[in-house]
Amino acid sequence: MAEFILFLDRLINLYLYYVVMACFLALVPNINMDYPLFHYIFMFAGFYIIPQFFGIFISPMVVMISLVLISMGLRKLYVKFYAPKEPKIVFLTKDEFIKKFNEQNQKGEDKKDDSD
């Protein structure tokens, strides 16, 4: 389930980038929004959910805010239930690594059976 939550979060982030790029595309002058390719790009980005207000598209802002809130909720859900179960990552310096390595080698030598 944790992988599914992370997958949904990444998918929502990709869709958020898609909406942002469609907003930048809308700023291009002389673009024909009725051309089929651009029409579908703007339609899937949510440009036609709310009608224009004085020539300004408000609906992409609503879509972006809702996507960010959903993404925040998924991250909080992941952190609350699944993050404590993840393996911890330990960063060691070169000196600490050599010290730990030598300690493990000494423990391994102590446990060897010399019954030959």
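Predicted model: local features only at pLDDT ≥ 70, side-chain atom pairs only at ≥ 80, totals over all residues.
The buried residues of helix H3 are Ser59, Pro60, Val63, Leu67, Ser71, Leu74 and Tyr78, where buried means under 20% relative accessible area, exposed means over 50%, and partly exposed lies in between, with a 1.4 Å probe and protein chains only. What covers these buried residues of H3 includes H1, and contact here means heavy atoms within 4.5 Å. When I speak of helices, I mean DSSP runs of H or I with at least four residues, while strands are runs of E with at least two, and both are numbered from the N terminus.

Residues are numbered from 1 along each chain as its sequence is written, and side-chain values use heavy atoms, with hydrogens and water left out.

Staying with H3, this helix has 23 residues and reaches 33 Å from its first C-alpha to its last, close to the 33 Å expected at 1.5 Å a residue, the expected span being 1.5 Å times one less than the number of residues. Ser59, which is found in helix H3, counts as buried because its relative accessibility is 0%. If we leave aside its neighbours within four places in sequence, Ser59 is in contact with Gly46, Phe47, Tyr48, Ile49 and Ile50.

Let me turn to H1. The 25 residues of H1 should span 36 Å at 1.5 Å a residue, and the end C-alpha atoms of H1 are 36 Å apart, which agrees. Which residues of H1 are buried? They are Ala2, Ile5, Asp9, Ile12, Leu16, Val19 and Ala22, and what covers them includes helix H2, residues 36-44, together with H3.

Arg75 forms a salt bridge with Asp9, and the closest N and O atoms are 3.3 Å apart. Since Arg75 lies in helix H3, residues 59-81, and Asp9 in helix H1, the pair ties together parts that are 66 residues apart in sequence. As for the two partners, Asp9 counts as buried, because its relative accessibility is 10%, whereas Arg75 counts as partly exposed at 43%.

On the surface, Met1, Phe4, Phe7, Leu11, Leu14 and Tyr17 form a nonpolar patch with about 700 Å² of accessible area together. Patches are made of residues with over 30% relative accessible area and no salt bridge, with like charges joined within 9 Å and nonpolar side chains (Val, Leu, Ile, Met, Phe, Trp, Tyr) joined within 5 Å. The areas come from the Shrake-Rupley method with a 1.4 Å probe, and for residues only the protein chains shown count as cover.

Asn30, in the loop between H1 and H2, has a positive phi of about 60° although it is not a glycine, and Asn30 counts as exposed at 83% relative accessibility. Phe54, found in the loop between H2 and H3, likewise is not a glycine and has a positive phi of about 55°, and Phe54 is exposed, with a relative accessible area of 75%. For context, most residues other than glycine have a negative phi.

Finally, the whole chain. The secondary structure comes to 4 helices and 0 strands, in the pattern α-α-α-α along the sequence. The radius of gyration is 27 Å, well over the 13 Å that the globule rule gives for 116 residues, so the protein is more spread out than a compact globule; the radius is taken over C-alpha atoms, and the rule is 2.2 Å times the number of residues to the power 0.38. The C-alpha atoms fill a box of roughly 90 × 30 × 25 Å along the principal axes, and of the 116 residues, 16% count as buried. Phe101, in helix H4, residues 94-110, has its C-alpha atom separated by 55 Å from that of Phe44, 57 residues apart along the chain.

Definitions and conventions
Salt bridge = Lys/Arg side-chain N within 4 Å of Asp/Glu carboxyl O.
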